[in-house]
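Please keep the sequence and the structure open while reading.

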Amino acid sequence: MSDGRRLWQTASYAASPVSGWACGELRVGAVADFVVLDGEAPDLVGLTPDQMVTAWVLSGHTRDVAEVRVGGALKSRGGVHLDQQKLDADWRQAMRTLRG
């Protein structure tokens, strides 16, 4: 197991007692929050899955992420949140309110 994968798994498992959720693995009954890395991203192309995890954990970028899923539901694809326009509008309104 690579250092990056070990770091990712250790952090994931350590989150369980803090969050109260079963973290660090995909299994029936566990919360399915995860990222899918893009194996064709320039920084990841040609790497084994284990090497991809290490590269992403130690020096990754959002451009390396193909999808983000929360509770198993797709939330982001290709670096764009599915509700990006609403999030942008809400942000602008919050800034207007805060800046009076």
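**Notes on the predicted model**

1. Confidence. The protein has an average pLDDT of 90, and 100% of the residues score at least 70; pLDDT is the predictor's confidence in each residue, from 0 to 100. Among the elements, helix α1 (residues 3-19) has the lowest mean pLDDT, 84, while helix α3 (residues 84-98) has the highest, 96. Helices (H or I, at least four residues) and strands (E, at least two) are DSSP runs numbered from the N terminus.

2. Ground rules. This is a predicted model, in which local features need pLDDT of at least 70 and side-chain atom pairs count only at pLDDT 80 or more, whereas totals for chains, interfaces and linings use all residues. Residues are numbered from 1 along each chain as its sequence is written, and side-chain values use heavy atoms, with hydrogens and water left out.

3. Helix α3. This helix has 15 residues and spans 21 Å from its first C-alpha to its last, close to the expected 21 Å at 1.5 Å a residue. The expected span is 1.5 Å times one less than the number of residues. Gly-100 follows α3 and has a positive phi, near 60 degrees.

4. The largest pocket. How much space lies in the largest pocket? The volume is about 650 Å³, taken as the space filled by probe spheres set on grid points that are joined across faces, edges and corners. A pocket here is an open set of points on a 1 Å grid over the protein atoms alone, where a 1.4 Å probe fits, with protein on both sides within 12 Å along at least five of seven lines; lining residues have an atom within 4 Å of a point.

5. Its lining. The largest pocket is lined by 22 residues, and Trp-8, Ser-12, Asp-33, Phe-34 and Val-35 lie nearest its centre. The elements giving two or more residues to this lining are α1, β1 (34-37) and α2 (49-59). By class, the lining residues are 15 nonpolar, three polar and four charged. Nonpolar covers Ala, Val, Leu, Ile, Met, Phe, Trp, Tyr, Cys and Pro, charged covers Asp, Glu, Lys and Arg, and the others, Gly among them, are polar.

6. Asp-3 is exposed at 57% relative accessibility, and Arg-6 is partly exposed at 39%. Buried means under 20% relative accessible area, exposed over 50%, and partly exposed in between (1.4 Å probe, protein chains only).

7. A salt bridge between loops. Arg-63 and Asp-43 meet through their side chains in a salt bridge (3.0 Å, N to O). Arg-63 is in the loop between α2 and β2 (65-70) and Asp-43 in the loop between β1 and α2, so the pair ties together parts 20 residues apart in sequence. Arg-63 is partly exposed, at 48% relative accessibility, as is Asp-43, at 39%.

8. A salt bridge between strands. Which side chain does Glu-67 meet in a salt bridge? The partner is Arg-77 (3.3 Å, N to O). Glu-67 lies in strand β2 and Arg-77 in strand β3 (residues 73-77), ten residues apart. Glu-67 is buried at 16% relative accessibility, whereas Arg-77 is partly exposed at 47%. Salt bridges with shared partners join Glu-67, Arg-69 and Arg-77 into one network.

Notes. Salt bridge = Lys/Arg side-chain N within 4 Å of Asp/Glu carboxyl O.
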